[in-house]
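The following exercises concern one protein chain. Please study the sequence and the structure before reading each solution.

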Amino acid sequence: MPTCRLVSKFLLVSGISAMAALDSLSLFTSLGLSEQKARETLKNSALSAQLREAATQAQQTLGSTIDKATGTLLYGLASRLRDTRRLSFLVSYIASKKIHTEPQLSGWWCQGLTFQEARLSLEFHEIRTLPVHFLEQRCHKLTGSFFSAALEYVRSHPLDPVDTVDFERECGVGVIVTPEQIEEAVEAAINRHRPQLLVERYHFNMGLLMGEARAVLKWADGKMIKNEVDMQVLHLLGPKMEADLEKKPKVAKTRLEETDRRMAKDVMENGETADQTLSLMEQLRGEALKFHKPGENYKTPGYVVTPHTMNLLKQHLEITGGQVRTRFPPEPNGILHIGHAKAINFNFGYAKANNGICFLRFDDTNPEKEEAKFFTAICDMVAWLGYTPYKVTYASDYFDQLYAWAVELIRRGLAYVCHQRGEELKGHNTLPSPWRDRPMEESLLLFEAMRKGKFSEGEATLRMKLVMEDGKMDPVAYRVKYTPHHRTGDKWCIYPTYDYTHCLCDSIEHITHSLCTKEFQARRSSYFWLCNALDVYCPVQWEYGRLNLHYAVVSKRKILQLVATGAVRDWDDPRLFTLTALRRRGFPPEAINNFCARVGVTVAQTTMEPHLLEACVRDVLNDTAPRAMAVLESLRVIITNFPAAKSLDIQVPNFPADETKGFHQVPFAPIVFIERTDFKEEPEPGFKRLAWGQPVGLRHTGYVIELQRVVKGPRGCVESLEVTCRRADAGEKPKAFIHWVSQPLMCEVRLYERLFQHKNPEDPTEVPGGFLSDLNLASLHVVEAALVDCSVALAKPFDKFQFERLGYFSVDPDSHQGKLVFNRTVTLKEDPGKV
């Protein structure tokens with residue numbers, strides 16, 4: 001980009017003069033930045049302003065031009081310093097050369113290798129393709145503790161004044177490391193690894209030697225250590241030979257990759273509860289591992305520190321005892337879905353992994369959309385997933401306190417009553433309200449009038465004076481609604497909004513980690529602003545990516561449309577991905593939790609294939625769902641030489657792979673029923689089941705049947721088969737064994753397929769006609785006269801079985817005495833038609 005265009009763009013962003021922009025460009029290059037780097041810096045107005053300020057102060061201190069080493073440190077300071085109050089303090093140390101190395105400014109990892117050296121070491125061994133979070137974990141394993149320095153020190157000590165003695169000790173100010181000390185430290189490291197060095201020669205990881213020397217000499221110059229290592233290694237091994245220049249053998253790479261595969265499997269494929277191999281905290285990988293400790297909120301990047309912060313945090317710790325506190329805050333206006341399962345697992349799981357507590361708090365601030373059935377269903381689903389809230393609370397519990405704080409906000413000149421209509425407030429580039437500067441006393445009277453019902457709905461709102469990250473100006477704090485509340489009745493006709501309520505409820509409950517999905521990132525500024533505006537404890541908001549599934553919609557509004565049009569029966573229709581629907585379909589809660597743990601907690605939004613969730617379901621049901629036999633499309637089979645005068649009792653294992661889990665008994669009579677697809681008069685090549693001249697075994701009976709006669713109806717349709725039987729060990733082993741039922745129960749079976757035809761039914765480019773036009777008309781097939789063996793006669797709703805060769809099935813709540821109804825949960829991994 002030409003300089004003039006760059007300057008023009010910079011002027012639009014920052015609003016400074018062209019001359020100032022050119023001066024900044026010249027200043028940045030004089031610090032040692034390349035012209036390209038200087039241009040990139042100019043694009044960031046906040047960074048540019050901080051770097052200009054740092055450079056100006058440094059020049060005043062030095063009284064001369066800034067050398068490249070100092071310029072590099074100033075750039076590192078400007079780009080990483082969050083608390084701008086500390087800029088002058090740190091610049092003075094850099095300009096005076098008291099802080100003159102990168103480790104003094106930023107800190108470094110020790111106990112073997114620095115973080116960068118560890119990363120270089122791993123890259124040397126060709127593990128560059130590892131996912132970033134795995135690579136970082138490997139680096140941390142190779143390193144250990146982090147030596148904090150200037151930037152970390154000022155971040156963790158936000159109160160004035162800074163203890164300069166303690167600061168200088170932590171940052172190595174005045175520490176001199178002599179060449180003799182470096183020589184001795186490197187020599188000691190080489191002696192410790194001498195045998196391995198002599199064997200591996202130049203294939204040895206030299207970064208290990210540098211890391212051990214740095215661990216002894218915390219503030220030594222890294223280049224001097226590297227030069228000393230190179231010199232002493234050369235003296236020990238001599239010049240490199242041809243073998244030293246060859247790549248390391250492939251076997252070493254394989255070993256390292258195998259280690260990382262095991263680690264990846266440990267982290268991703270846990271499928272365990274917190275008391276098994278991996279703790280839940282280990283499962284919650286990625287960004288969650290970087291969370292602040294309770295009471296150290298100020299260490300979180302972007303957290304706003306005020307003169308009251310440290311005292312408020314001290315009071316917070318006295319109340320909580322340093323306990324981790326989270327909350328799951330659903331709106332009671334719909335049923336929870338698979339995305340909420342991730343939120344439940346994260347909030348409850350993070351608290352559990354840290355011996356903390358989690359509140360279930362209903363965000364009941366909109367009485368128009370809230371129904372009692374949703375409160376009940378949400379509580380049921382949290383319990384169903386295996387979590388018990390520390391306490392069930394409601395935003396309405398705090399309505400009196402929230403109102404008092406709103407009055408205080410007006411008194412402080414930070415909120416006002418506005419008469420703009422809802423349509424005027426929409427969008428992100430709205431004009432300032434003409435009532436923004438109305439007198440505080442007037443807003444107090446008007447807000448009281450709102451509370452007493454003297455305004456109609458939409459006629460007045462209370463708005464806060466701030467601009468959010470997305471540019472939205474002055475969000476609404478209170479609005480008028482003449483709808484009785486399910487808990488407070490007619491006490492209130494004004495109700496707080498999410499933007500006003502959420503952070504203050506978090507503050508009241510002393511939440512330590514306010515975990516929410518990515519779309520709330522634009523509310524983070526209002527979250528911090530409001531707590532600090534009222535001088536109350538301010539938690540930390542942290543956003544993570546939502547969990548979505550292909551071939552699904554989870555929007556409450558769209559599910560209501562599906563229900564209204566008759567596409568699905570209700571919120572718990574098993575074709576949906578609401579939690580009540582998944583429970584009705586037969587998904588075990590353990591499987592959903594395992595799926596959430598495998599997906600992990602990341603910043604990026606995750607959209608998964610449904611078959612990955614189904615795989616988790618099979619993993620659980622394979623070990624927990626007892627086997628039974630059922631026939632969906634039956635064909636009657638008469639055994640003409642049945643070996644007994646009456647039916648036989650057959651012992652069938654509940655879990656064939658583990659007979660210690662018991663057996664159940666089924667009758668075996670002269671008349672049995674098999675799947676119609678398990679017989680063919682004229683089989684195609686490769687068909688292994690019952691046909692002319694092709695006997696099959698009946699599972700668990702020890703008998704083989706052979707076709708003797710096909711009985712057809714008037715229209716030529718096969719109505720029954722006559723067969724003979726023999727002991728399975730009395731002749732050649734059959735090619736296949738099929739399932740069957742005898743003296744069965746008649747039941748209804750519901751078979752489900754995907755509700756939508758396309759991966760992204762809400763994407764207009766993929767489905768131009770809208771999601772309702774994408775419905776799969778074959779998503780439900782009902783078999784009204786299926787047959788199942790009598791071992792399931794006493795089954796209750798939500799009991800689960802594997803119907804052999806057919807899939808996993810769950811008893812539907814529609815079942816009643818004399819008529820069981822089964823939902824197919826998932827098919828087997830194998831093709832259901834394959835033997």
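**Exercise 1: A pair of packed helices**

The crossing of α25 and α26 is right-handed. Determine how α25 is oriented relative to α26 in this predicted model, and state which residues make the contact.

Solution.
Step 1. The helices are located: α25 covers residues 498-508 and α26 covers residues 524-533.
Step 2. Their axes lie 9 Å apart and form an angle of about 60°.
Step 3. Angles of 65 to 115 degrees count as roughly perpendicular and those under 35 degrees as roughly parallel; the angle of about 60° therefore makes α25 oblique to α26.
Step 4. On the side of α25, the contact involves Asp499, Tyr500, His502, Cys503, Leu504, Asp506 and Ser507. On the side of α26, Ser526, Tyr527, Leu530 and Cys531 take part.

**Exercise 2: The largest nonpolar core**

State how many residues the largest nonpolar core has, which helix gives the most to it, and what Ile592 is in contact with beyond its neighbours within four places in sequence.

Solution.
Step 1. The largest nonpolar core has 49 residues. Ile338, Ile344, Leu579, Ile592 and Phe595 are those with the most contacts inside it.
Step 2. Elements that each supply at least two residues of this core include α20 (338-353), β4 (357-362) and α29 (589-599). The most comes from α20, with 8 residues.
Step 3. With those neighbours left aside, Ile592 is in contact with Ile338, Ala341, Trp384, Leu385, Leu579, Leu582, Phe587 and Leu613.

**Exercise 3: The whole chain**

Give the number of helices and strands and the share of buried residues.

Solution.
Step 1. The protein chain contains 30 helices and 28 strands.
Step 2. Of its 835 residues, 51% are buried.

Terms used:
Residues are numbered from 1 along each chain as its sequence is written. This is a predicted model: local features need pLDDT of at least 70, side-chain atom pairs count only at pLDDT 80 or more; totals for chains, interfaces and linings use all residues. Side-chain values use heavy atoms; hydrogens and water are left out. A nonpolar core is a set of buried Ala, Val, Leu, Ile, Met, Phe, Trp, Tyr and Cys residues joined through side-chain atoms within 4.5 Å. Buried means under 20% relative accessible area, exposed over 50%, partly exposed in between (1.4 Å probe, protein chains only). Helices (H or I, at least four residues) and strands (E, at least two) are DSSP runs, numbered from the N terminus. Contact means heavy atoms within 4.5 Å. Axes are lines fitted to C-alpha atoms, for helices over the stretch in contact, and angles run from 0 to 180 degrees between N-to-C directions. Angles under 35 degrees count as roughly parallel, over 145 as roughly antiparallel, 65 to 115 as roughly perpendicular and the rest as oblique. A crossing is left-handed if the near helix is turned anticlockwise from the far one by less than a right angle, and right-handed if clockwise.
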